[in-house]
Amino acid sequence: MNTRRVGLRTAVLACLGMVSLMSFATADEPLSARMYSGAMSRESDAQLPTWLWGEWSRDWIVRGKVKSSTLDVHYLQTPTYFADIRIPRARSGFSAVKSFADLTDQQLRLLAGQNGFTGQTTLAGTVATWSDEIAFQPSDGTPDTGRLERRPPDGMHEIGLHGSYTESWRRLSDGSGQYLVIRVEHSGRLLRSLVVVGNRFVYVRNRVTDLPTASSLEALIETTKATREEIVNYLDCEFSVGRARGGSVSWEVQQSTLPWREGHHLDFVDQLSVRDGGAVLVPSAVGDDQWVVPVNTLSSRDINALFGR
């Protein structure tokens, strides 16, 4: 993953479970109609090698002869879907900020240096492609690909296909085999995504309007001579990483592209309730959106522990 990454009235039922099946239901939907039967075979065919599954951290990147490590990079990879968030380590001065309205113009420009991506990962031989369905930075129009070199026991290098960069990655956890992906779409556009690996999660909320093609947010702001309102619209895309349990609050956001979210509970999970002891998750409001669970290896007990109240 290089620095480019870029209406149905009922919930769609999709599941991939190695331990148990989970599905979505609506309040008026009969329990017997909750499984979308085509999901398992499609997802199984697209699974990645198990050594790639888990929570990863990037140690460094080399471009040309320059080696750097200026970002906190969190990469969660499930058997098919991924999420990645990158926050500059030098980002500071946001502790008193409660919203975009509290930001100075300079702080807005600092937030433009963040990054994040989510979508599906595919592998052809040693070449990985990340389909960035939501990306914090604009796409420059080229595919997001890299050659992976496994470095046992828990490392890998990602190398640009033309040698333009090398990234060193370290796997922190395999997630103990626990993977969950929840996606909310509207008319084929991904609106929100929750990727869970073990106790770690990355939540993503899309901006209202997709960004035009550009080399970076900074370049987009400069070339469009963006107003403050336009810059806020560009930046209003949330990537948040945290831990589901063990924090000061449940589903604690630890780092986010929206700094005022840090230290708080992830409210997205409050839109879900548990039925049948964890066998079923029910979104509180579906409307014209499509809720999909393409990956789930959690047991009913795990689901109940994470989402039960």
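Biologist: What makes β16 and β17 a pair, and where does Asp276 come in?

Modeller: Two strands pair if DSSP finds at least two bridges between them, and β16 and β17 have four bridges, in the antiparallel sense, so they pair. Their hairpin has four residues between the strands, and Asp276 takes a positive phi near 55 degrees there. One of the bridge partners is Pro283 in β17, which goes with Leu272. Strands here are DSSP E runs of at least two residues, helices are H or I runs of at least four, and both are numbered from the N terminus. Keep in mind that this is a predicted model: local features need pLDDT of at least 70, side-chain atom pairs count only at pLDDT 80 or more, and totals for chains, interfaces and linings use all residues. Residues are numbered from 1 along each chain as its sequence is written, and side-chain values use heavy atoms, with hydrogens and water left out.

Biologist: Which residues cover the two faces of β17?

Modeller: Val280 and Val282 sit on one side, Leu281 and Pro283 on the other, and all are buried. In a regular strand the side chains alternate between the two faces of the sheet.

Biologist: Why is Tyr75 called buried?

Modeller: Buried means under 20% relative accessible area (exposed is over 50%, partly exposed in between, with a 1.4 Å probe and protein chains only). Tyr75 has 0% relative accessibility, so Tyr75 counts as buried. Phe82 is buried too, also at 0%.

Biologist: Why are Tyr75 and Phe82 called an edge-to-face pair?

Modeller: Rings of Phe, Tyr and Trp (its six-membered ring) pair if their centres lie within 6.5 Å; planes under 30 degrees apart count as stacked, over 60 as edge-to-face and the rest as tilted. Tyr75 and Phe82 are 6.4 Å apart centre to centre with 75 degrees between the planes, so they pair edge-to-face. Tyr75 and Phe82 also form one aromatic cluster with Trp169.

Biologist: What does the pair of Phe100 and Trp260 tie together?

Modeller: Phe100 lies in the loop between β5 (81–88) and α2 (105–111), and Trp260 in the loop between β15 (252–256) and β16 (272–275), so the pair ties together parts 160 residues apart in sequence. Both Phe100 and Trp260 are buried.

Biologist: How do you know that Lys67 lies over the face of Trp60?

Modeller: A charge sits over a ring if NZ of Lys or CZ of Arg is within 6 Å of the ring centre and within 35 degrees of the ring normal. Lys67 is at 4.5 Å from the ring centre of Trp60. Arg91 lies over the face of Phe94, at 5.7 Å.
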